[in-house]
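Open the structure in your viewer and keep the selection panel handy. We'll walk through it one stop at a time.

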Amino acid sequence: APVLDRAAVARAEEELDAASRDRARAEHRAQTAERAPAAATSARALEAANARKLGFQIHDPSARIVLAANRGGFVKGEREKLQKELSALRSQPRPKTQSILTKSPVARPAANAEFHFELRENRVAFIDLDHLIELVKADAQVRIRMSDRLGLVSAKVGPIGSFSLLYELARAAPGSVEELLERKSTRFNLQAWELVPESDRRGETFETSRNPLSEYSRAINRMTPERSTVTMWVYPDSFPIYRKLRDELIARGFSVAGRPLPEGMTIRGSPMGSQSAAQ
């Protein structure tokens with residue numbers, strides 16, 4: 001049998017592969033040459049369309065001029081309108097300075113008779129602050145006479161309901177030189193007060209407050225919505241009952257002021273304290 005020349009076979013296969021590649025490249029060039037006239041024709045058609053459109057815009061720009069004029073007129077009218085409004089605002093007097101409490105959209109300083117409640121451990125307790133202050137006035141007159149008009153008077157009155165009240169009076173400064181020289185009378189002013197709870201389990205639950213004979217119901221029914229502001233001192237654990245009572249009171253026409261308190265702080269006040277903001 002003849003001997004197979006493997007080197008010759010390998011050379012023949014390489015030549016065959018090279019010929020196949022040359023044929024593929026030739027076919028691709030032929031296809032590209034066939035597509036080129038069609039692409040050139042499409043490009044020329046697009047350029048011609050753009051040229052016609054540009055020529056129309058150049059020869060007849062009236063539509064664009066009208067559109068620009070309309071836009072300019074609208075902008076001018078808006079500018080004149082804003083200038084008139086600005087001039088009107090400048091001519092108006094400046095508003096008077098008000099307390100920062102009035103800047104809230106739903107809150108305003110309480111101007112009516114104010115009634116107080118404590119909300120703690122999800123219970124509500126009525127604070128009869130008006131009657132406690134009346135006790136302070138009566139008690140202070142006696143203590144001032146007994147103290148030989150000293151500069152400071154401190155005492156406790158009550159209880160009324162669930163609270164007593166600690167108060168502190170201080171001698172007022174003379175109003176004039178004549179009053180200082182004559183010393184005909186000595187005036188005392190309330191400096192501060194602080195509520196003292198009489199029981200840890202004070203107040204009523206929301207369900208109990210629904211009873212018409214409950215302390216809460218009897219206190220609310222003595223008030224007139226148009227002339228009364230309800231101030232609620234709220235501890236962190238009692239916002240659920242606060243929201244229920246607040247919504248109910250607002251629905252009945254009351255103004256409600258909420259004053260949050262940190263846990264452990266007592267309810268206190270002074271002539272220099274902040275005013276309740278009601279909504």
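**Before you click**

This is a predicted model, in which local features need pLDDT of at least 70 and side-chain atom pairs count only at pLDDT 80 or more, while totals for chains, interfaces and linings use all residues. Residues are numbered from 1 along each chain as its sequence is written, and side-chain values use heavy atoms, with hydrogens and water left out.

**The whole chain**

Start with a cartoon view: the protein has seven helices and ten strands. Helices (H or I, at least four residues) and strands (E, at least two) are DSSP runs, numbered from the N terminus. The protein exposes about 19900 Å², and carbon and sulfur atoms supply 56% of that; accessible areas come from the Shrake-Rupley method with a 1.4 Å probe, and for residues only the protein chains shown count as cover. Of the 279 residues, 25% count as buried. Buried means under 20% relative accessible area, exposed over 50%, and partly exposed in between (1.4 Å probe, protein chains only). Contact means heavy atoms within 4.5 Å; among contacts between residues at least 6 apart in sequence, 67% join residues at least 24 apart.

**First sheet: β3-β2-β7-β8**

Select these four strands, which form an open sheet in that order with mixed pairing. The edge strands are β3 and β8, each pairing on one side only. Two strands pair if DSSP finds at least two bridges between them. Neighbouring strands here are turned by 25 degrees against each other on average, direction ignored. (Axes are lines fitted to C-alpha atoms, for helices over the stretch in contact, and angles run from 0 to 180 degrees between N-to-C directions.)

Zoom in on β2 and β7, which pair in the parallel sense over seven bridges. Click Ala-113 and you'll find Ser-228 of β7 opposite; Phe-115 likewise stands opposite Val-230 in β7. On to β2 and β3, an antiparallel pair with five bridges. His-116 has Ile-127 of β3 as its bridge partner. The hairpin of these two strands has two residues between them, and Glu-121 there takes a positive phi near 55 degrees.

**Helix α7**

Next, pick residues 239–251, which make up α7. Which strands of the sheet does α7 touch? The helix packs on β2, β3, β7 and β8, and its direction makes about 170 degrees with that of β7. The expected span of a helix is 1.5 Å times one less than its number of residues. For the 13 residues of α7 that gives 18 Å, and the end C-alpha atoms are 18 Å apart, which agrees.

Show side chains for Ile-241, Tyr-242, Leu-245, Arg-246 and Leu-249, the buried residues of α7. Look down the axis of α7: these buried residues fall within an arc of 130 degrees, so they line one face of the helix. The arc is that of the directions from the helix axis to the C-beta atoms. What covers them includes α5 (206–209) and α6 (215–221). After α7, stop at Gly-253, whose phi is positive, near 100 degrees.

Seven bridges join β4 to β5 (residues 163–171), and Val-153 has Leu-169 in β5 as its bridge partner.

Buried residues of α3 are Leu-129, Leu-132, Val-136, Asp-139, Ala-140 and Ile-144. They pack against β2 and β3 as well as β4, β5 and β6.

**Last stop: Tyr-235**

Finish in the loop between β7 and α7, where Tyr-235 is found. Is this residue buried or exposed? Tyr-235 is buried, with a relative accessible area of 5%. Display its neighbours: Tyr-235 touches residues including Glu-118, Leu-119, Arg-120, Pro-262 and Met-265. Finally, draw a C-alpha to C-alpha distance from Tyr-235 to Asn-122: they are 8.7 Å apart in space and 113 residues apart in sequence.

Terms used: Lists of a residue's contacts leave out its neighbours within four places in sequence.
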